[in-house]
Amino acid sequence: MTIKKFYRASGASTQLKGVTPDIMLPSVANESKDIGESALENPLPYDTIASAKYEKLNLVSPYVRN
């Protein structure tokens, strides 16, 4: 049972959506939608709050090829 929420610096909740990665890698695991909080009864809804002041960093871009 989930009773508390976690919010990212952007103010977005991780409930139901998780954290979307910047880089998607192939997976050998069977990624089923029947696993995780969203598959449980009464999951907490996704929502947002006011964001914190933060500076976005992009330290990966110089190393990624198109």
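**Notes on a predicted chain**

1. Let's start with aspartate 47: this residue is partly exposed, at 27% relative accessible area. By the cut-offs used here, buried is under 20% relative accessible area, exposed is over 50%, and partly exposed lies in between (1.4 Å probe, protein chains only).

2. A word on what you're looking at. This is a predicted model, where local features need pLDDT of at least 70 and side-chain atom pairs count only at pLDDT 80 or more, while totals for chains, interfaces and linings use all residues. Residues are numbered from 1 along each chain as its sequence is written, and side-chain values use heavy atoms, with hydrogens and water left out.

3. Back to aspartate 47, which pairs with lysine 5 in a salt bridge, with 3.0 Å between the closest N and O atoms. The structure has 1 salt bridge (a side-chain nitrogen of Lys or Arg within 4 Å of a carboxyl oxygen of Asp or Glu). Lysine 5 is also partly exposed, at 26%.

4. Of its 66 residues, 8% are buried. Among contacts (heavy atoms within 4.5 Å) with a separation of 6 or more, 68% join residues 24 or more positions apart.

5. Two backbone spots deserve a look. Most residues other than glycine have a negative phi. Leucine 16, though, has a positive phi near 65°, and this residue is partly exposed at 38%. Asparagine 42 also has a positive phi, about 55°, and counts as exposed at 71%.
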